[in-house]
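Good morning, and thank you for coming.

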Amino acid sequence: MSTTEAAASTGTNGNGASGYRWVGTRPVRHDGLDKVAGKARYAADLNLPGMLYGHILRSPHPHARIVSIDTSAAEAMPGVKAVVTGADFPEAPPKGATRNLMCTVIARDTVLYSGHAVAAVAASTRREAKAAAEAIEVTYELLPHVLNIADAMADDAPVLHDNLFTRGVEPRPTEPSNIAARTVYERGDVEQGFAEADIVIEREFSTQAVHQGYIEPHACVVDCDQEGKAVIWASSQGHFMVRSSTATVLGWDTSRIKVIPAEIGGGFGGKTTIYIEPVAALLSTKAGRPVKIVMSREDVFRATGPAPGAIIKMKVGARDDGTITTAKAWLAYENGAFQGIAAMLGCMCVVSAYTLDHLYVEGFDVVLNRPVNVAYRAPSAPAAAFAMDSVVDEIAARVGMDPIDLRIQNCPSQGDPTPYGPKWPMIGLRECLEAIRDSDHYQSDLPDGQGRGVASGFWFNIGEASSATVNLNENGTATVITGSPDIGGSRASMALMAAEELGLDVHLIQPVVGDTEVVGFTDVTEGSRATFATGMAVVEACRDLKEQLRKRAAKTWDCDVEEVEWVDGSAVHGPGEQEPLTLAAITGNAKRTGGPLGATASLNARGAGPAFSVQVADVSVDEETGRVTVERYTTAQDAGTAIHPSYVEGQMQGGVVQGIGWALNEEYIYSDDGNLENPGFLDYRIPVASDLPMIETCIVEVPNPSHPYGVRGVGEVGIVPPLPVMANAVADATGVRIGDLPLSPPRVLEALTAAES
């Protein structure tokens, strides 16, 4: 692996970040052996005595009214122990987020997409459950459907929800529509900005819905007892979310539900909601036995949320010296069957890598007959960056500037206003741009026949609620218990921060992801928040422990606590009259000095550091087939402080690979009758190792002052630049700019042929 660590504001060395003993080092992850040896337990691995298997019947139609459901044949079939339909669940409210969740889990009176859950069966075997589900007779009244943004926004479009009135429009519309919400951000006077420009470029772009591509499908096991309490084992990015959402769908109090987090085989934002847990819980309640449901790959594609497709129109003005004067953006995002916030997020991100005096950004969330869209790393940002950074590349070519120099000239700095309101805190965009500009890759000569593309990407990151408990054991080791499922190495980052605080060897710390009855409430692992927010809670708990350790040492020495310092894992007597006491010595004597040592911290983290990434790629294009080959790729990203550099690099590389897939191959393909035609990895083409070069990484470190160790989230922004990077590189290689993704061989070949003619 070719890796550079570019430091800003803090140095790095062979033993981790400057001034740290453990933070910045690369220990083997604590859960690594179990995972590579096949010992890690995922939700589908669990088998309980007497367990049944659940199967969900799904609609074959994209839009239809459910006239009747006859389950009598299914109930009489061998092995069947329970059958449920939407009628067995509490009535959903007429509108709002709760209705959207409840009706996504199982349809009530109307199905809104092909794959929408209609009924479910629990039986002794998978085969019996599937056969019984297929025996359920559903009578449908077909309704008109819409599958794309343009059709859904048309005046004569069939309306999905007769009580959906566009938010963000004044006066409030009197007629329902498929436009769920309108978002606007504006500053200055865009018409003045265009008048000041020497160059104005206006383009339209489109992207398609893409799946997160997690290898493990959604799975759960639910065991409901005779007292009405349920234990859920689930593959999820947030088991507290599973508890609260399941309780909402079933109308239960959360105290009835305990959720135990299983290992997660990929999520990338796609496991931040629920689909099957309430169904399994109701089947288990009816049958009086545990129920396991594991989605098939086809069901994952047909019934769970992808990242949304989008249409974006960009108009950007610039002076001859490369200064961008203004930008006007129109964005429309698919929401799937129920309203979401995709357009708002896109509006926040579309011009955030640039500082502008004049801007007008308008976004629309659009509902249509597809599964409800959910997060996929930096939600909505990739499509927004594709549009803006494609136009910026054209501007650089028109004014004859190096594309990175133009971006440096126009990049925001601390104190500049963001497009969505507040001022930028300390950020590392300029440092990322400079790191790519100075990289061996960018300074190298481009081989004949290849094209080179660069682009910037932004994601704001979040904080939210986290809890952690740190217990010291009598032998001087520590257990760190958090409520954040580990989806990218957070066990290791928690252990490293605890080791740094306590002065312990990181291998003496055992990180544990606790269930909903073991650790305090913790929000979903999303928004690049786990190492930032849950790490804050770990640090706070460790600092509490250090005070306790100082007091125990003072009690042992019969001195004032002010005379005791904590240095490198030992209590040190300031006056020097006592020999240092190691942590192990204090915990070994804990029964005599006050009892067990432990501390808990819960907080609502503030000050998440905005994240930026800048990337460059070289590609070649086969003019006979239209196939794009990625020849070389380098990514630079501001990590704030890289707690575990290997996992930072892994996050950077993973985001790039998924972004390349989005740019070059991946898309949902629907037939005219509303059915997904490629619901599997054979026809839905994700990148594999042989498609890619080694992704070279450059970690930039501009510490986030709001975190004790300067952490910025790193899991999301890496997926943002690859879309425009690929488009810019293909344009450089062929002289043809393509505004519609993916850049699949048929689409590229069609564009090349059209250009020739």
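We begin with His-358, which is found in strand 18, residues 358-367; strands are DSSP runs of E with at least two residues and helices are runs of H or I with at least four, numbered from the N terminus. This is a predicted model, in which local features need pLDDT of at least 70, side-chain atom pairs count only at pLDDT 80 or more, and totals for chains, interfaces and linings use all residues. Residues are numbered from 1 along each chain as its sequence is written, and side-chain values use heavy atoms, with hydrogens and water left out.

His-358 has a relative accessibility of 8% and therefore counts as buried; buried means under 20% relative accessible area, exposed over 50%, and partly exposed in between, with a 1.4 Å probe and protein chains only. Its side chain reaches the backbone nitrogen of Asp-189 at 2.9 Å.

I turn to the salt bridges, each a side-chain nitrogen of Lys or Arg within 4 Å of a carboxyl oxygen of Asp or Glu. The structure holds 33 of them. In one, Arg-491 meets Glu-263 at 2.7 Å, N to O. This pair links distant parts of the chain, 228 residues apart: Arg-491 is in helix 15 (residues 490-502), and Glu-263 is in the loop between strand 14 (257-261) and helix 8 (277-287). Arg-491 is buried, at 13%, and Glu-263 is buried, at 16%. Through shared partners, salt bridges join Arg-29, Asp-31, Lys-35, Glu-263, Asp-486 and Arg-491 into one network. Within it, Lys-35 pairs with Asp-31, their closest N and O atoms being 3.1 Å apart.

Note on methods: A polar contact is a pair of N or O atoms within 3.5 Å; within protein, one must be able to donate a hydrogen and the other to accept it, and residues adjacent in sequence count only if both atoms are side-chain atoms.
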